[in-house]
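Me: Hi! I'd like to walk through this one with you, a bit at a time. Can you take a look?

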Amino acid sequence: MSDIYANAVDSLRIGIDHFLKAPGYSSRKHAILTLFHAIELFLKEQLYRTNPILIYRNLDAKITDDSFTVGIKEALTRLENLGLGLPKEPQEVIERIQKRRNRIEHHRYDHKEEDEKIISESLAFILFFVDGVLKGKLERDVPAETLREIQRLVYGRQDLYWIAMHRLEQWMHDAWPEWNNEESDTPEEFSGTGDCPICRESYLVIGYHDKPFCFHCNTSVDAAECEDCGRTYLAGKGCCS
């Protein structure tokens, strides 16, 4: 983990804490500020992974600890020039939270009802970007229960199914590069998924990760499979069949 990524995750944790508080002036103001900061740092992290020098504003000047780094607009432009640009919709999400953040930074915070949606869609973008682009596992830095709660709040039910299927298929492609999903639903070597004892959806994979992993919850789950009935259950509670 780079210092940039660690800094971004710290801002994300603070932003989540504010978002989960009762809606109000202070909680929404600080959620906007910290989540915008997290987005900016996660974009810089992608630049840093491409080449560390790309995070700096003036590439022709000598780099020191005090050298200025790019802002969010510059980061988006550089990613675009590298062929790593974001689709139009995520860019619009970033523009909306940037506009609210600039209002707070340079003038005042005029609490609006639309802020709830702006914060929610910004969180959804971060979860997508860290998981799908940076290949990060936020459950290492954010409690799994908190991640599940955030996903439940920012995604629609149908969105969660689509995202879970995408994650599962991407994992299967990584684990079995020769697998062709047009020829078979799953790789021949894959024993299949089970029901997650937390979300009750059939995206739990046992035996391929350090701990059972649910692609719907997108976190590890302390689950086990009952030898008598075949059902999955939370290991700490035992099977109730």
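Reply: Happy to. One term before we start: helices here are DSSP runs of H or I with at least four residues, numbered from the N terminus. Also keep in mind that this is a predicted model.

Me: Good. With that in hand, where is Arg 78 placed?

Reply: Arg 78 sits in helix α3.

Me: And which side chain of opposite charge is nearest to Arg 78?

Reply: That is Glu 74, at 5.9 Å. The cut-off for a salt bridge is 4 Å between a side-chain nitrogen of Lys or Arg and a carboxyl oxygen of Asp or Glu.

Me: OK, what lies 2.9 Å from a polar atom of the Arg 78 side chain?

Reply: The backbone oxygen of Arg 57 does.

Me: Which residues does Arg 78 touch, not counting those up to four places away in sequence?

Reply: Arg 78 touches Leu 47, Ile 53, Leu 54, Ile 55, Tyr 56, Arg 57, Leu 59 and Val 70.

Me: Let's follow Tyr 56, then. Where is Tyr 56, and what is Tyr 56 in contact with?

Reply: Tyr 56 belongs to the loop between α2 and α3. Setting aside neighbours within four places in sequence, Tyr 56 contacts Ile 63, Thr 64, Ser 67, Phe 68, Thr 69, Val 70 and Arg 78.

Me: Buried or exposed, that Tyr 56?

Reply: Tyr 56 counts as buried, because its relative accessibility is 19% and the cut-off for buried is under 20%.

Me: Nice. Zooming out: how many helices and strands are in the protein?

Reply: The protein has seven helices and five strands. Along the sequence the order is α-α-α-α-α-α-α-β-β-β-β-β.

Me: And what does the C-alpha trace span?

Reply: About 65 × 45 × 30 Å along its principal axes. Of the 241 residues, 44% count as buried. The protein exposes about 14000 Å², and carbon and sulfur atoms supply 46% of that area.

Me: Switching to charges. How many salt bridges does the count come to?

Reply: The count comes to twelve salt bridges. In general, side chains of opposite charge can pair when their charged atoms come close.

Me: What does Asp 115 pair with?

Reply: Asp 115 meets Arg 100 in a salt bridge, 2.8 Å from N to O. Asp 115 is in helix α5 (residues 115-133) and Arg 100 in helix α4, so the pair ties together parts 15 residues apart in sequence. Asp 115 is buried, with a relative accessible area of 0%, and Arg 100 counts as buried at 6%. Both belong to a network of salt bridges that also links Arg 103 and Asp 110.

Me: Which salt bridge does Glu 92 form?

Reply: Glu 92 pairs with Lys 88, their closest N and O atoms being 3.9 Å apart. Glu 92 and Lys 88 are about one helical turn apart, because they are four residues apart in helix α4 (residues 88-106). Lys 88 is exposed, with a relative accessible area of 64%, whereas Glu 92 counts as partly exposed at 29%.

Me: And Glu 201, what does that residue bridge to?

Reply: Glu 201 forms a salt bridge with Arg 157, with 3.4 Å between the closest N and O atoms. The pair links distant parts of the chain, 44 residues apart: Glu 201 is in the loop between α7 and β1, and Arg 157 in helix α7. Glu 201 is buried, with a relative accessible area of 15%, while Arg 157 is exposed at 58%.

Me: Last topic, backbone angles. What is the phi of Arg 200, and of Asn 218?

Reply: Arg 200 has a positive phi of about 70° although it is not a glycine. Asn 218, also not a glycine, has a positive phi of about 60°. Arg 200 is in the loop between α7 (157-175) and β1 (204-205), and Asn 218 is in the loop between β2 (213-214) and β3 (219-220). Arg 200 is exposed, with a relative accessible area of 62%, whereas Asn 218 counts as buried at 14%.

Note on methods
Residues are numbered from 1 along each chain as its sequence is written. This is a predicted model: local features need pLDDT of at least 70, side-chain atom pairs count only at pLDDT 80 or more; totals for chains, interfaces and linings use all residues. Side-chain values use heavy atoms; hydrogens and water are left out. Helices (H or I, at least four residues) and strands (E, at least two) are DSSP runs, numbered from the N terminus. Buried means under 20% relative accessible area, exposed over 50%, partly exposed in between (1.4 Å probe, protein chains only). Lys and Arg count as positive and Asp and Glu as negative; His and the chain ends are not counted. A polar contact is a pair of N or O atoms within 3.5 Å; within protein, one must be able to donate a hydrogen and the other to accept it, and residues adjacent in sequence count only if both atoms are side-chain atoms. Contact means heavy atoms within 4.5 Å. Accessible areas come from the Shrake-Rupley method with a 1.4 Å probe; for residues, only the protein chains shown count as cover.
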